[in-house]
Amino acid sequence: MQFPGRRKKVIGSSQNDLYDHCLQFYGQPPLENISLTEFETFAVERLKLLKSVENIGVSYVKNSEQYVKKLDAEFSSLNFPLRTELGDRRVQGGTSEYEKRRKDHISHFILRLAYCQTEDLRRWFIQQEMDLFRYRFGELTSKHKTDFLHKNNLKYETVSAEEKKSLKDKLITSSYGLSGITVEEYDFYKVPFQDALDLVRTRKVYLLAGNAYIPHHEIVTIVLNDFRTRLSKALAMTARSLPAVQSDERLQPLLSHLSHAYVGQDYSIQKNMGKISLEQIDALSGKSFPLCMRHLHKALRENHHLRHGGRMQYGLFLKGIGLTLDQALQFWRSEFVKGKVDADKFDKAYAYSVRHMFGKEGKRTDYTPYSCMKVILSNPPSQGDYHGCPFRHSDPELLKQKLQNYKVSPSGINQILELVKGMHYQLACQKYFELTHNVEDAGFSLNHPNQYFTESQKLLGGGLEIKKEVDMSQRSQENPANMTRPSQANSKQAHEEMGDLDSFFQDE
Amino acid sequence: MSTSDYDPACLPDLLPLYYRRLFPFSQYYRWLSYGGVSKNYFQNREFSFTLKDDIYVRYQSFTTQNELEKEMQKMVPYKIDIGAVYSHRPSQHNAVKSGTFQALEKELVFDIDMTDYDDVRRCCSAADICSKCWTLMTIAIRILDRALREDFGFHHLLWVYSGRRGVHCWVCDDAARKLSVAARSAVAEYLSLVKGGEETVRKVVLSDPIHPFINHSLSVVERYFQQYAIVDQDILGSKESVDKVLAVLSPLCRQMKSFTREGSSVSYDLHFSCVSVKSNSKKGGQYFDKEIMLQYCYPRLDVNVSKGVNHLLKSPFSVHPKTGRISVPIDLKELDTFDPFEVPTISLICEELEKPRAEEAEEDDMKDKENEQEAGERRRIRDYKRTSLAKYVKVFDRFLEAMARSRKGEMLKKSDLQKDF
């Protein structure tokens with residue numbers, strides 16, 4: 001893909017050929033030119049979609065009614081193609097079906113670049129794309145399903161009517177939920193057994209002469225296997241050609257941040273600065289802090305010290321909830337002085353780093369508080385550290401004990417531990433929120449510790465009205481040094497162009 | 001007498017003779033070359049030998065039939081295993097960059113071992129077998145052979161007696177040799193019905209709808225059940241054994257009121273009357289009789305043997321050191337009369353070799369003097385033909401013929417497609 005700054009319009013006549021089906025296997029990469037803005041936007045939107053797929057998939061049984069409803073909503077709000085025909089006039093203003101499909105196509109390939117690098121990233125990406133694909137395939141009409149299979153060279157023959165008749169009894173007894181009538185009506189596909197291993201392994205299909213006789217509604221399993229294999233291979237190939245892409249300095253920072261991207265508010269500018277007093281912090285830590293910050297605060301109070309990782313994570317969080325620089329200095333000094341550090345040493349060594357956090361030293365970057373993603377994925381704690389995400393980094397037994405100490409109910413603890421086992425750390429924290437605030441549904445999708453605090457205060461009627469400030473979500477959280485000056489100017493320009501994308505950054 | 005008093009201590013003397021004059025090297029080589037269609041198929045095949053004093057050597061490979069013969073005659077292995085066809089010559093695997101030496105293909109194999117049936121055998125246990133429990137192998141072969149051919153579409157199956165207490169199946173089709181680990185494991189699971197170890201009492205659970213595969217298998221079991229289980233194994237013969245049968249069902253039945261058996265009918269019916277199961281959602285209980293039959297008779301596979309592409313399995317025509325019996329191919333046409341105790345031992349065939357020869361033999365000797373190398377082969381062929389090994393080599397020959405014909409058919413098809421005349 002070539003990326004000059006200008007956007008080129010695609011010739012109208014080829015429109016219909018390129019995207020003639022709302023679903024695709026992503027076999028061919030896009031060949032057009034797009035602007036950096038679009039590059040970024042598309043990537044971010046698809047990432048949001050995939051994250052929703054993940055979250056909704058954990059909260060509801062996959063492909064149940066609620067699942068479908070929720071996912072439908074996400075699709076429309078994010079403008080991704082679902083079912084409509086290309087020429088469908090039902091589109092109400094906003095993006096055309098063609099545009100949606102184009103976005104679907106391009107955004108998938110961009111995310112491949114970001115997610116091909118490690119085993120974990122690949123696994124996550126493949127899992128979400130598969131769930132997404134399964135959902136979309138399931139929503140197709142029967143005719144569209146067949147269309148799709150043919151267009152993609154899945155040369156699975158349908159079983160002739162005579163053969164179906166002669167095998168009727170066998171077909172009925174081998175597949176779930178079939179009757180004489182359905183066998184007659186539905187299409188059956190003859191698939192080599194090597195392509196239908198899941199069905200063969202569990203004996204849920206009729207086998208004859210090395211072919212599995214798959215009923216129409218099961219064909220999605222086969223298609224999914226095919227999809228997974230192709231995507232897996234493609235990602236491996238992408239990883240090999242990645243160095244060439246990464247050498248493009250316009251793309252490198254974006255791609256490396258996408259896989260750790262936090263796509264919501266960044267809590268860097270708070271209108272409620274100064275509305276918190278230091279005396280309130282102890283009480284607030286029990287009521288409105290997420291577990292990680294409560295943990296850090298407790299460690300600080302007990303040991304009168306925190307190491308660098310802990311100071312950064314907690315310090316920035318405190319800034320995010322409204323502490324001023326002076327308050328922060330006072331807070332940290334008073335605590336450290338109780339320990340092994342005397343006031344002088346504090347002023348010499350630690351005060352600098354507090355001021356640095358507030359953008360008053362060095363590069364003068366106003367650092368943004370860490371999102372959950374950042375806390376979970378980077379800088380794991382080692383012996384003597386208290387930072388990180390307790391749901392991710394604590395031993396489950398210790399986590400259980402801690403939750404018991406905090407008077408969480410046993411059934412609640414079990415639910416949390418289940419989520420942790422499934423590696424859904426943010427959902428576990430959300431559950432913790434629900435249990436400690438005594439609500440059924442948190443009402444938001446947790447991805448930032450400061451968000452936890454804000455929502456908690458809202459719920460408890462804490463009176464801290466935080467005005468939402470919009471900022472570029474892709475702004476690096478620590479090091480803008482990755483971007484050279486020209487591209488920084490470029491992204492500033494892109495930022496202006498993205499003015500109308502405020503809608504991305506609203507909390508649910 | 002078949003055993004001819006086999007004594008393991010004689011192995012060091014018998015084995016060299018066996019490898020020099022009786023082991024069917026040319027057929028063996030023909031098998032593993034698969035018509036020479038794939039380059040280096042034989043050269044990249046791994047063999048492993050167990051030598052005297054239990055010395056085990058892996059990654060043996062050979063470039064020609066001649067080299068194979070010479071090495072085997074030199075090393076005199078007590079046991080021979082066949083492994084996978086690798087990406088490089090196994091004997092040079094250390095010279096290959098790590099990570100690039102990989103197992104590529106191997107026959108799909110199954111290993112049925114009588115010890116896996118100890119919980120349902122009354123006549124023997126562990127390594128012992130007798131004519132009463134051998135029926136289990138017959139049933140296993142019939143069920144698996146049918147399924148592999150009819151359900152999976154395989155054609156070239158070699159069933160081999162392991163030499164002591166079980167049978168092996170080598171599925172040699174092209175498609176079978178190319179199967180992935182996942183596919184092998186899926187096939188093995190499809191074929192598995194008896195699940196659970198020591199702690200599981202009820203090992204077969206059937207529910208609606210019953211898959212056609214299970215029905216086919218049941219019809220095989222039913223054919224043998226009367227004779228095997230009721231008569232030979234006498235599973236209803238004593239209170240103790242009856243209790244064992246009932247124990248399988250006890251989680252489901254509150255109370256066994258009575259049961260009867262029909263001694264004379266071919267298809268056996270078990271009647272149970274039970275107090276109905278308490279509000280248990282599972283409909284369990286309607287297929288008691290089928291489940292019992294399957295638990296007592298259905299083949300028990302070791303999935304791990306079938307799964308791995310690089311798994312090593314005992315070679316056909318190798319000797320079993322403990323029993324002296326040769327691992328011979330089984331002729332499925334004579335399956336019901338196959339008797340493991342009639343399988344020749346190495347001592348028997350060596351003895352048969354030493355018997356005085358007929359007059360025609362002298363003429364052959366004259367011809368031999370003319371051409372040494374061919375003579376060696378001809379002599380070997382004449383030799384095994386004089387022993388009890390002959391009929392088993394014939395079975396092997398027929399198997400190889402069938403594969404050759406099939407390969408020819410494939411090539412014709414291909415050249416037709418390419419319009420190559």
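This is a predicted model: local features need pLDDT of at least 70, side-chain atom pairs count only at pLDDT 80 or more; totals for chains, interfaces and linings use all residues.
Visitor: How many residue pairs are in polar contact across the interface of chain A and chain B, and what makes them count?

Guide: Eight residue pairs count, both partners at pLDDT 80 or more. A polar contact is a pair of N or O atoms within 3.5 Å; within protein, one must be able to donate a hydrogen and the other to accept it, and residues adjacent in sequence count only if both atoms are side-chain atoms.

Side-chain values use heavy atoms, with hydrogens and water left out; residues are numbered from 1 along each chain as its sequence is written, and chains are lettered from A and ligands numbered from 1 in the order in which they are written.

Visitor: Which elements of chain A supply the side that touches chain B?

Guide: Helix 8 (168-174), helix 10 (197-201) and strand 3 (206-208) each supply at least two residues. Helix 8 of chain A gives the most, with four residues. By class, that side has nine nonpolar, five polar and three charged residues.

Visitor: How do you know that chain A and chain B are in contact?

Guide: Contact means heavy atoms within 4.5 Å. By that test, 17 residues of chain A meet 24 residues of chain B. The buried area (accessible area, 1.4 Å probe, lost on being put together and summed over both parts) is about 1600 Å². Carbon and sulfur atoms give 64% of this area. In chain A, A:R201, A:R203 and A:L207 lose the most, together 43% of what that side buries.

Visitor: Why is the pair A:D104 and A:R136 called a salt bridge?

Guide: The rule asks for a side-chain nitrogen of Lys or Arg within 4 Å of a carboxyl oxygen of Asp or Glu. In this pair, the closest N and O atoms are 3.0 Å apart, so A:D104 and A:R136 qualify. A:D104 lies in helix 4 (residues 97-115) of chain A and A:R136 in helix 5 (residues 119-138) of chain A, so the pair ties together parts 32 residues apart in sequence.

Visitor: What is the make-up of the lining of the largest cavity, by class?

Guide: The lining has 13 nonpolar, one polar and no charged residues. Among the helices of chain A that each supply at least two lining residues are helix 14 (291-303) and helix 22 (425-437).

Key:
Ala, Val, Leu, Ile, Met, Phe, Trp, Tyr, Cys and Pro count as nonpolar, Asp, Glu, Lys and Arg as charged, and the others, Gly among them, as polar. Buried area is the accessible area (1.4 Å probe) that two parts lose on being put together, summed over both.
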